[in-house]
Amino acid sequence: MTLPAELSSNPLLRPSPLRRGALPLNEVKTAHFLPAVKYGIAVLREEINAIRDNPEAPTFANTVEKLERAGKLLEQVGAVFTLFGLSKSSGVLRR
């Protein structure tokens with residue numbers, strides 16, 4: 001799934017300029033979370049649909065392993081959200 005232009009400035013979604021793909025946490029704002037979660041859910045749905053719609057016979061590699069790898073973006077956004085919730089807790093994050 002191609003990242004929409006309106007989300008290209010979201011540090012939770014764009015490719016990281018830092019070593020080893022570390023996220024620039026100093027750039028993340030609370031307003032970035034909701035669009036990132038919505039996009040992460042859309043990507044996960046697309047990944048699951050691709051597994052479901054695969055015309056090949058199901059195998060461990062093309063079903064179980066693909067399901068295991070699906071949703072990595074959403075997991076990453078969720079991990080940062082948890083980190084912010086624990087360390088930068090504000091009313092906006094608690095709602």
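Colleagues, what we have here is a predicted model, in which local features need pLDDT of at least 70, side-chain atom pairs count only at pLDDT 80 or more, and totals for chains, interfaces and linings use all residues. Residues are numbered from 1 along each chain as its sequence is written, and side-chain values use heavy atoms, with hydrogens and water left out.

Let me begin with confidence. The predictor's confidence in each residue is given as pLDDT, from 0 to 100. The protein has a mean pLDDT of 92, and 92% of its residues reach 70 or more. Confidence is highest in α1, at a mean of 98, and lowest in helix α4 (residues 91-94), at 59. Where pLDDT is low, the predicted coordinates should not be read in detail.

Next, the overall architecture. The protein has four helices and zero strands; helices (H or I, at least four residues) and strands (E, at least two) are DSSP runs, numbered from the N terminus. The C-alpha atoms fill a box of roughly 50 × 25 × 25 Å, taken along the principal axes.

I turn now to one helix pair. The axes of α1 (residues 33-52) and α3 (residues 72-87) come within 8 Å and cross at roughly 155°. Such axes are lines fitted to C-alpha atoms, for helices over the stretch in contact, with angles from 0 to 180 degrees between N-to-C directions. The two helices are therefore roughly antiparallel, a term for angles over 145 degrees. On the α1 side, the residues in contact (heavy atoms within 4.5 Å) include F33, A36 and Y39, and on the α3 side they include L73, V77 and F84. By class, this contact has 13 nonpolar, one polar and no charged residues; Ala, Val, Leu, Ile, Met, Phe, Trp, Tyr, Cys and Pro count as nonpolar, Asp, Glu, Lys and Arg as charged, and the others, Gly among them, as polar.

Not counting residues up to four places away in sequence, S8 touches L3 and R14, while N10 touches H32, P35 and A36. A36 also belongs to the α1 contact with α3.

Note on methods:
Parallel < 35°, antiparallel > 145°, perpendicular 65-115°, else oblique.
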